Amino acid sequence: MTIKPLEDRIVVKPSEPVEAKKGGIIIPDSAKERPDEGKVISVGKGKTLDNGQLKTLTVKKGDKVLFAKYSGNEILIDGEKHLIMREEDVLAVVE
Amino acid sequence: MTIKPLEDRIVVKPSEPVEAKKGGIIIPDSAKERPDEGKVISVGKGKTLDNGQLKTLTVKKGDKVLFAKYSGNEILIDGEKHLIMREEDVLAVVE
Amino acid sequence: MTIKPLEDRIVVKPSEPVEAKKGGIIIPDSAKERPDEGKVISVGKGKTLDNGQLKTLTVKKGDKVLFAKYSGNEILIDGEKHLIMREEDVLAVVE
Amino acid sequence: MTIKPLEDRIVVKPSEPVEAKKGGIIIPDSAKERPDEGKVISVGKGKTLDNGQLKTLTVKKGDKVLFAKYSGNEILIDGEKHLIMREEDVLAVVE
Amino acid sequence: MTIKPLEDRIVVKPSEPVEAKKGGIIIPDSAKERPDEGKVISVGKGKTLDNGQLKTLTVKKGDKVLFAKYSGNEILIDGEKHLIMREEDVLAVVE
Amino acid sequence: MTIKPLEDRIVVKPSEPVEAKKGGIIIPDSAKERPDEGKVISVGKGKTLDNGQLKTLTVKKGDKVLFAKYSGNEILIDGEKHLIMREEDVLAVVE
Amino acid sequence: MTIKPLEDRIVVKPSEPVEAKKGGIIIPDSAKERPDEGKVISVGKGKTLDNGQLKTLTVKKGDKVLFAKYSGNEILIDGEKHLIMREEDVLAVVE
């Protein structure tokens with residue numbers, strides 16, 4: 001059973017909050033304004049521009065992404081929390 | 001008697017809420033923010049873009065879809081509750 | 001005396017609410033969120049798109065349509081209540 | 001002395017409210033939501049679309065029109081109340 | 001010293017309110033919703049459309065115009081009150 | 001050290017308010033609704049239109065401009081107050 | 001580990017507020033409306049315009065920029081506060 005997001009939407013599995021990893025990106029649970037991190041599980045086919053052209057997505061399956069808090073809709077896949085959001089909610093890819 | 005939705009609208013028959021199906025997508029009745037699931041009954045011809053081009057729909061009759069809660073307008077067909085919504089309210093197709 | 005709606009507007013004669021027709025579309029008077037039903041009396045010539053192209057209407061005279069409650073402006077023709085609305089207020093054609 | 005409305009604006013002389021004309025369009029003074037009726041006195045040259053093309057008006061001098069209540073700006077010509085409104089405020093032409 | 005309005009802006013010198021001129025346009029000081037009248041002093045070069053095309057103005061220096069009350073920004077030229085507004089605030093030219 | 005404004009932004013040095021200069025533009029400190037005056041210090045390269053075309057600015061370094069009160073963001077250059085604003089906040093050039 | 005901002009976003013490391021540097025740009029901590037200063041750490045590939053064309057960014061890695069207060073989302077890289085913002089939040093480049 002797979003979830004195929006429509007248009008420019010992606011499915012993201014949010015990471016567990018890591019409290020104080022030195023030398024990495026730390027997103028303390030208390031910092032409400034800081035973005036969340038997650039892994040891209042699946043991506044849509046892209047967004048249709050006003051001129052009818054399809055703009056495919058930049059992020060791809062497996063990417064580690066930062067996204068603004070409270071982005072997207074929450075769904076459960078095999079009992080685990082995932083998020084469906086638009087690619088524009090993704091701030092950056094972490095490499 | 002059939003309902004032919006206009007433009008980029010679709011008719012969806014919402015699924016019965018399944019409380020705790022292991023290994024599947026669970027949408028508990030209490031989780032207000034989680035999307036609903038349903039089956040596509042009929043689809044419109046598509047949306048006319050600004051350049052006059054017709055963009056046909058991605059979802060098709062029979063698709064199982066996830067859509068944001070409170071999407072669309074409720075209608076009764078043969079006494080059963082259905083929803084008419086725009087395709088952009090559909091988050092993903094479940095396969 | 002005829003009413004010629006402008007642009008993408010249509011004139012609709014709303015149906016009498018039918019309380020519990022089995023096997024059909026039932027729109028109880030108490031269900032405020034459910035769409036209304038009506039018959040198209042006349043249609044405009046269409047909407048001019050941003051590129052100057054005319055997009056004619058999909059619905060036509062005689063069509064039975066569903067439209068969101070509180071759509072359009074009420075007028076009286078020969079003493080009977082009619083509605084003038086834009087075609088985008090029409091959710092579906094009933095056949 | 002003439003008033004030449006700019007762009008897609010028109011000058012309309014509102015009709016006297018007719019209280020209960022049988023077989024015609026009745027717009028009782030008490031029905032706040034019903035549109036008003038009037039006669040087109042003069043029309044602008046049209047609206048420039050995003051592509052630079054001029055879209056001339058559909059209504060013309062002498063047309064009897066229905067327009068949403070509270071449309072336009074009120075002016076006095078020779079002591080009589082007139083309205084300047086955009087053509088999109090006109091719902092229909094009455095013939 | 002001259003004021004050259006930018007883009008689709010114009011400089012207008014508002015007329016003195018004339019209280020009851022018979023056979024003309026009367027704009028009593030008490031009628032808040034009625035448009036004001038004025039004379040165009042200078043005009044901008046025009047508005048750049050989305051396609052890069054320049055749309056020059058319709059009104060010209062010397063035109064007597066009607067504009068919605070409270071349009072534009074007030075400036076003083078040689079001690080006299082003038083208004084800078086966009087051409088879309090002009091309802092009509094009076095001839 | 002120079003400030004290079006981005007896109008269609010400009011840097012303006014606001015003039016000292018002149019209280020009652022006869023024969024000029026007077027902007028009393030008490031008239032909150034009147035525009036402010038200033039001198040253009042530097043300008044951006046222009047705004048990219050929807051069609052990808054660059055629209056360069058109309059105002060240029062050295063121009064004396066009128067702009068709506070409270071336009072732009074305040075910065076200090078060499079201890080003196082300047083404003084960064086978009087060109088659309090400029091109402092007119094004074095010559 | 002690097003952060004690759006998407007589209008027209010950039011990563012900025014905000015400068016320490018300098019309280020009264022003579023001959024430079026002073027941004028006192030108390031002046032809430034004044035923009036902040038920072039250094040560009042990385043930039044996205046650009047923004048896709050409506051016509052499908054990619055508009056690359058103007059600012060580049062290493063640029064010293066002014067941006068409106070409260071722009072962007074805060075993230076921590078190696079324990080230090082950074083901001084992810086869109087290029088349109090950048091007011092000017094300081095040279």
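1. Across the interface of chain E and chain F, two salt bridges are found, a salt bridge being a side-chain nitrogen of Lys or Arg within 4 Å of a carboxyl oxygen of Asp or Glu. In one salt bridge, the side chains of Glu7(E) and Lys55(F) meet at 2.9 Å, N to O. The elements giving two or more residues to the side of chain E that touches chain F are S1, strand S7 (73-77) and strand S8 (80-86) of chain E. Of these, S7(E) gives the most, with five residues. Helices (H or I, at least four residues) and strands (E, at least two) are DSSP runs numbered from the N terminus.

2. The model is predicted: local features need pLDDT of at least 70, side-chain atom pairs count only at pLDDT 80 or more, and totals for chains, interfaces and linings use all residues. Residues are numbered from 1 along each chain as its sequence is written, chains are lettered from A and ligands numbered from 1 in the order in which they are written, and side-chain values use heavy atoms, with hydrogens and water left out.

3. The contact between chain E and chain F takes 22 residues from chain E and 25 residues from chain F, where contact means heavy atoms within 4.5 Å. About 2100 Å² is buried between the two chains, 54% of it on carbon and sulfur atoms; buried area is the accessible area (1.4 Å probe) that two parts lose on being put together, summed over both. In chain E, Met1(E), Leu6(E) and Leu76(E) lose the most area to chain F, together 29% of what that side buries. Eight residue pairs are in polar contact between chain E and chain F, both residues at pLDDT 80 or more. A polar contact is a pair of N or O atoms within 3.5 Å; within protein, one must be able to donate a hydrogen and the other to accept it, and residues adjacent in sequence count only if both atoms are side-chain atoms.

4. Chain G and chain F bury about 2100 Å², of which carbon and sulfur atoms give 54%. Here 25 residues come from chain G and 22 residues from chain F. The rule finds two salt bridges across this interface; Lys55(G) forms a salt bridge with Glu7(F), with the closest N and O atoms 2.9 Å apart. On the side of chain G that touches chain F, strand S6 (64-67) and strand S9 (90-94) of chain G are the elements that give two or more residues. The largest share of that side, five residues, comes from S9(G).

5. A rotation of 51° with 0.0 Å of shift along its axis superposes chain E on chain F, with an RMSD of 0.0 Å. The copies use different surfaces, as 14% of the contact residues of chain E recur in chain F. Superposition is by least squares on the C-alpha atoms of residues with pLDDT of at least 70 in both copies. Chain G can likewise be laid on chain F by a turn of 51° and a shift of 0.0 Å along the axis, with an RMSD of 0.0 Å. Only 12% of the interface residues of chain G are also interface residues in chain F, so these copies meet through different surfaces.

6. Over all chains, the structure holds 49 salt bridges. One of them joins the side chains of Lys4(A) and Glu95(B) at 3.3 Å, N to O. Lys4(A) lies in strand S1 (residues 3-5) of chain A and Glu95(B) in the segment after strand S9 (90-94) of chain B, so the pair joins two chains.
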